[in-house]
Amino acid sequence: MARAKPIIEFCSLKGIIIQAYGTLAPLIHYAGGPVDPVVQKVARELGATESQVLLKWAHQVTNGGPVVTTSSKEERLMEHIQVFTEIKDLSDVQMNAIAEAGKQSPQPFRVSRDSRLVASLAWPL
Ligand SMILES: NC(=O)c1ccc[n+]([C@@H]2O[C@H](COP(=O)([O-])OP(=O)(O)OC[C@H]3O[C@@H](n4cnc5c(N)ncnc54)[C@H](OP(=O)(O)O)[C@@H]3O)[C@@H](O)[C@H]2O)c1
């Protein structure tokens, strides 16, 4: 899948909800990759953690879709909840900067076998 943005726009028009998962992949699978420095910069600008930026980005890029994540650590779970209670929205500039960095990532856009659209960070938008 070369470009996901038209699919997101189509789904929004049709009322199809996109769920994001694997959102923290840049932190846990691709540490040191192209998304890292951009997310770190946005985190500094927002006074947020990197995982909060990634979860917020996924929520905004899916036009408010649910973001699936998990943690075995209470402090991280609290951090994740704060994404939706305390962290302000990323600006268009910040959103686009992460998307541009994501184009360099090996993580693909995927459509699941049961035809529900699922997504992950670093979509080639
Ligand atoms: N990824 C998929 O392909 C996929 C597909 C279908 C369903 N799911 C399900 O969706 C749920 C979420 O999975 P996901 O893959 O989407 O998870 P994710 O949000 O990309 O990553 C969650 C993992 O990140 C770690 N983590 C959380 N905060 C962190 C931080 N600040 N720094 C470093 N690591 C951090 C957690 O480990 P700690 O416990 O150490 O915090 C947890 O193991 C799971 O129940 C999974 O089974 C995933």
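How many helices and strands does the protein have? The protein has six helices and two strands; these are DSSP runs numbered from the N terminus, with helices (H or I) of at least four residues and strands (E) of at least two.

The model shown is predicted: local features need pLDDT of at least 70, side-chain atom pairs count only at pLDDT 80 or more, and totals for chains, interfaces and linings use all residues. Residues are numbered from 1 along each chain as its sequence is written, and side-chain values use heavy atoms, with hydrogens and water left out.

**View A. The whole protein.** Read from the N terminus, the elements follow the order α-β-α-α-α-α-α-β. Of the 125 residues in the protein, 43% are buried (buried means under 20% relative accessible area, exposed over 50%, and partly exposed in between, with a 1.4 Å probe and protein chains only). Among contacts (heavy atoms within 4.5 Å) with a separation of 6 or more, 71% join residues 24 or more positions apart.

**View B. The crossing of helix 3 and helix 4.** The axes of helix 3 and helix 4 (residues 50–61) come within 8 Å and cross at roughly 100°. Helix 3 is therefore roughly perpendicular to helix 4, a term for angles of 65 to 115 degrees; angles under 35 count as roughly parallel, over 145 as roughly antiparallel, and the rest as oblique. The axes are lines fitted to C-alpha atoms, for helices over the stretch in contact, and angles run from 0 to 180 degrees between N-to-C directions. Val35, Val39, Gln40, Val42, Ala43 and Leu46 of helix 3 meet Glu50, Val53 and Leu54 of helix 4. By class, this contact has seven nonpolar, one polar and one charged residues (Ala, Val, Leu, Ile, Met, Phe, Trp, Tyr, Cys and Pro count as nonpolar, Asp, Glu, Lys and Arg as charged, and the others, Gly among them, as polar).

**View C. Ala48 in the loop.** Ala48 is placed in the loop between helix 3 and helix 4. Ala48 counts as buried because its relative accessibility is 14%. Leaving aside neighbours within four places in sequence, Ala48 is in contact with Ala43, Val53 and Ile87. The C-alpha atoms of Ala48 and Glu79 are separated by 9.2 Å, although the two residues are 31 residues apart along the chain.

**View D. The salt bridges.** Side chains of opposite charge can pair when their charged atoms come close. The whole structure contains two salt bridges, each defined as a side-chain nitrogen of Lys or Arg within 4 Å of a carboxyl oxygen of Asp or Glu. One joins the side chains of Glu45 and Lys41, at 2.7 Å from N to O. These residues are four apart in helix 3, so about one helical turn separates them. Glu45 is partly exposed at 42% relative accessibility, and Lys41 is partly exposed at 45%. Lys56 forms a salt bridge with Asp89, the closest N and O atoms being 3.3 Å apart. This pair links distant parts of the chain, 33 residues apart: Lys56 in helix 4 and Asp89 in the loop between helix 5 (74–82) and helix 6 (92–102). Lys56 counts as buried, at 5% relative accessibility.

**View E. Asp36 without a partner.** Asp36 lies in helix 3 (residues 35–46). Asp36 is buried yet has no salt bridge, and the nearest side chain of opposite charge, Arg44, is 11 Å away (Lys and Arg count as positive and Asp and Glu as negative; His and the chain ends are not counted). Not counting residues up to four places away in sequence, Asp36 touches Pro26, Tyr30 and Ala31.
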